[in-house]
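Here's a quick briefing to read alongside the model. Have a look at the fold, then come back for the details.

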Amino acid sequence: MAGPNCGVTLALLGVLLLGAARPSRGAETFNIDLPPGSGITVLIKPGTPALPAKPCYIFSRKPTTSLSITSGEKAAFFFSCQNPEKHFVVEIQKRIDCMSGPCPFGEVPLQPPASVLPTLNRTFTWDVQAHKSIGLELQFPRPRLRQIGPGDSCPDGVTHSIGGRIDATAVRIGTFCSNGTVSRIKMQGGVKMALHLPWFHDRNTSGFSIANRSSIKRLCIIESVFEGEGSATLMSANYPDGFPEDELMTWQFVIPAHLRASVSFLHFNVSNCERKEERVEYYIPGSATNPEVFRLADQQPGNMAGNFNLSLQGCDQDAQNPGVLRLQFQVLVQHPQNESHKTYVVDLSQERALWLTIEPRPVRLSRKFVPGCFVCLESRACSTNVTLTPGSTHKLSFLCDDLTRLWLNAEKTLSCMDPRYCHRKSYFLQVPGHILQLPVQLHDFSWKLQVPQDRLSLALVPTQKLQQSTPERACNTSFSYRLVSAGPDQDLYFGSFCSGGAIERIQVKQNMSVTLRTFAPSFQQEVSKQGLTVSFVPHFKEEGIFTVTPDMKSKVYLRTPNWEQGLPSLNSVSWNISVPSDQVACLTFTQERTDLVCQTGRAFMIIKEQRTKAEEAYNLEEVLPKPSFHHHSFWVNISNCSPVRGKRLDLLFQVSLTPRTMDLPVILLAAVGSGAFLLFALGLIICLVKKNRKKKANKGPAVGIYNSNVQTQLPMQPKQLQKVQKDSENHVYAVIDDTMVYGHLLQDSTGSFIHPEVDTYRPFQGPTGDCPPSPPPTCSRAPTAKLTTEEPTPGFGPESESEPYTFSHPNQQNGSSGDTGVPLLNAHEPAGPGE
């Protein structure tokens with residue numbers, strides 16, 4: 001039974017193959033005939049990626065997935081699918097032997113022509129074999145080539161891959177696209193050229209020719225021709241892999257005489273050399289030191305006029321650890337600028353800690369050619385980035401079509417580490433004038449201020465009062481100051497400040513950075529507004545203290561440091577807000593609550609009146625206080641806790657001033673009181689005047705008599721007191737001469753009078769209390785309390801009514817009044833003790 005079934009199966013398979021072998025309707029049959037001795041091989045093979053689910057076959061004598069046609073063979077074939085370009089590629093390899101016979105110099109044709117090849121992605125490869133002492137030159141008249149890096153592709157899909165040999169080792173010279181500057185490539189000892197064409201490209205010429213040249217005694221020479229402004233990026237052989245050991249590669253640049261060229265290294269690495277040294281050499285027209293030798297890390301020359309050569313020389317590498325030598329560089333050719341003929345002198349010879357950097361501004365990338373901006377030292381060493389070091393004088397020139405594409409950054413360090421002398425020092429932070437004379441805009445000028453840790457703090461006093469930039473009132477000036485405190489764990493950003501505000505002093509606990517940043521060229525007209533005076537003050541606990549003096553013209557907006565990330569944990573900041581005597585300050589917070597949740601400790605805000613010393617403390621985890629009015633200067637202190645993850649403390653508040661006014665009832669009461677006081681004073685004056693007139697008419701000579709019987713202590717039993725007449729004036733005296741009565745008390749043991757000591761007033765030299773309020777301990781769990789003003793200290797009590805001495809004039813009327821006063825000259829006995 002198996003025999004008949006097997007025969008049927010083979011018959012059916014044969015029928016299917018015969019049907020498949022017939023070309024489908026519309027399928028094209030290709031005929032390729034390679035002449036004998038042409039050295040050409042055509043290989044059709046599957047492309048990448050792998051074959052899809054529905055396969056496609058090549059049918060020649062039998063179905064297959066690859067077809068090879070060598071020199072002297074002929075083949076006819078077709079594809080079983082409608083889109084063979086998605087399945088197959090074709091490679092045409094031509095071997096040219098220049099060692100056993102003459103080389104076919106001249107233009108290289110495409111063989112076989114594109115018309116007889118299937119419409120597949122095509123790769124033409126020419127392998128030219130020559131003696132190692134023979135030089136070969138590949139010429140690319142039009143279009144010239146442009147080298148691309150690994151992973152890059154050409155816009156039209158047409159690429160040229162060029163390689164060479166060193167003995168039996170293949171070397172990649174590079175991969176190139178069309179529309180560039182490379183016009184010729186000279187090789188030593190053979191060359192391998194591959195042209196990759198996409199299936200839809202109808203190109204029918206190779207675009208290059210081969211010429212014979214004498215030995216070039218190096219790996220290769222690449223010629224780059226510029227006809228106008230432009231740039232070229234070029235790479236060393238085998239890039240990004242290592243350059244061949246101890247080899248020499250040269251680039252020749254043809255530059256019009258009216259243009260200038262500059263070289264900049266984009267990426268490079270050096271290997272470990274046993275002998276010689278890796279270097280680059282320049283042959284520059286007009287140079288008296290040709291060739292000029294540079295290390296790869298050196299500043300490369302620029303602003304070169306005319307043609308020049310650049311060569312890369314390798315070394316003998318360490319066999320155990322050779323390393324990698326590679327180089328990618330750019331040549332920029334452009335018209336000379338007017339600034340290239342000017343020289344600017346920057347004198348940093350007297351500076352010890354000032355660095356200047358000129359660099360390009362960040363710009364958006366563009367595929368259009370953009371002339372470069374170079375800064376040249378001594379007019380030859382040009383680069384896009386130049387750093388000027390202290391202790392030297394630098395001469396600068398610029399090769400740039402638009403100097404606004406460059407900006408200047410500066411950094412200066414100021415420090416005082418000896419607390420014994422720091423309090424005598426102060427620094428004035430101002431941009432030096434010779435830096436502002438440069439034709440590039442100043443971007444940042446930073447001062448790094450350093451003080452002894454936990455010994456001293458810093459105080460900044462601006463030339464003009466500062467305004468803190470907030471969303472409600474942003475700075476619109478041409479420059480601002482950025483203040484950052486350098487903490488042990490993290491930096492604390494105090495904010496951005498500009499002139500025209502109410503902040504007249506800023507104190508910072510520790511090291512800090514002050515950065516002047518400009519925003520417009522008009523900064524040159526506002527130079528007089530910039531300036532900060534830095535001094536050293538005793539160390540304090542707060543991270544910062546702001547002294548604020550508002551005015552009535554505008555509101556003052558203030559916010560806590562580190563606004564974006566929040567005030568750091570356990571940090572404290574204070575504001576000293578001055579209020580004029582004729583005005584009232586209104587303190588308002590822009591939010592009702594902070595949404596702060598503390599993990600450990602408590603976050604407090606303390607508002608303290610500086611005159612009355614009254615304090616109000618608030619828990620910042622609760623609702624913030626409502627607007628409050630202050631008639632005197634006051635402190636605002638904000639202290640943070642350790643918040644839970646994701647929570648932060650950031651407060652924004654405002655201070656505004658209004659004229660001080662009084663209520664109507666207070667005014668009326670004051671007016672009535674003043675009137676009554678005036679009437680009372682007037683009546684008192686009239687009475688005193690009348691009484692004095694009467695007494696002057698009746699008084700005798702003033703006499704002072706001491707009455708020893710006056711009772712100066714209250715008796716224990718009032719009932720035993722002796723009654724006296726109501727009008728008795730036994731205890732009354734006229735004028736008492738202290739020297740006569742108490743003179744015996746002023747005499748010493750010898751009988752001489754003692755003069756009383758006399759002293760002068762000395763002002764109080766102790767603390768005045770002008771310091772921020774001490775915040776509560778951050779770990780305190782006590783509830784928020786409102787403190788009241790302390791009661792004034794009571795003074796001395798009133799004098800006792802039993803004071804034994806009074807002053808009066810004696811009554812001259814005869815004893816009807818019962819007067820017991822005795823003149824001083826009469827030796828009458830004094831009366832008994834009076835009441």
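This is a predicted model: local features need pLDDT of at least 70, side-chain atom pairs count only at pLDDT 80 or more; totals for chains, interfaces and linings use all residues.

Residues are numbered from 1 along each chain as its sequence is written, and side-chain values use heavy atoms, with hydrogens and water left out.

**The whole chain**
- The protein chain has five helices and 54 strands; these are DSSP runs numbered from the N terminus, helices being H or I with at least four residues and strands being E with at least two.
- Take the contacts (heavy atoms within 4.5 Å) between residues at least 6 apart in sequence: 82% of them join residues at least 24 apart.
- The protein chain exposes about 47,800 Å² (Shrake-Rupley, 1.4 Å probe), and carbon and sulfur atoms supply 53% of that area.

**Strand 44 and its partners**
- Strand 44 (residues 544-548) is mostly covered, with five of its five residues buried.
- G544, F546 and V548 point one way from strand 44, I545 and T547 point the other way, and all are buried.
- Strand 41 (residues 503-508) pairs with strand 44 in the antiparallel sense over five bridges, pairing being at least two DSSP bridges between two strands; I506 has F546 as its bridge partner.
- Strand 46 (residues 572-577) runs parallel to strand 44, and five bridges join them; here I545 stands opposite S574.

- Four strands form an open sheet in the order 28-33-30-31, with antiparallel pairing.
- Its edges are strand 28 (344-347) and strand 31 (381-383), each of which pairs on one side only.
- Three bridges link strand 30 (residues 373-377) to strand 31 in the antiparallel sense, and L377 has A381 in strand 31 as its bridge partner.

**Cavities**
- There are two cavities of 30 Å³ or more, a cavity being a set of points on a 1 Å grid over the protein atoms alone where a 1.4 Å probe fits but cannot get out.
- The largest cavity holds about 40 Å³ of space, the volume being what is filled by probe spheres set on the points, which are joined across faces, edges and corners.
- Its lining (residues with an atom within 4 Å of a point) consists of I92, K94, P109, Q111, F124, T125 and W126.
- Strand 7 (88-97) and strand 9 (121-129) each supply at least two lining residues, and strand 9 gives the most, with three.

Terms used: Buried means under 20% relative accessible area, exposed over 50%, partly exposed in between (1.4 Å probe, protein chains only). On a 1 Å grid over the protein atoms alone, a cavity is a set of points where a 1.4 Å probe fits but cannot get out, and a pocket is an open set with protein on both sides within 12 Å along at least five of seven lines; lining residues have an atom within 4 Å of a point.
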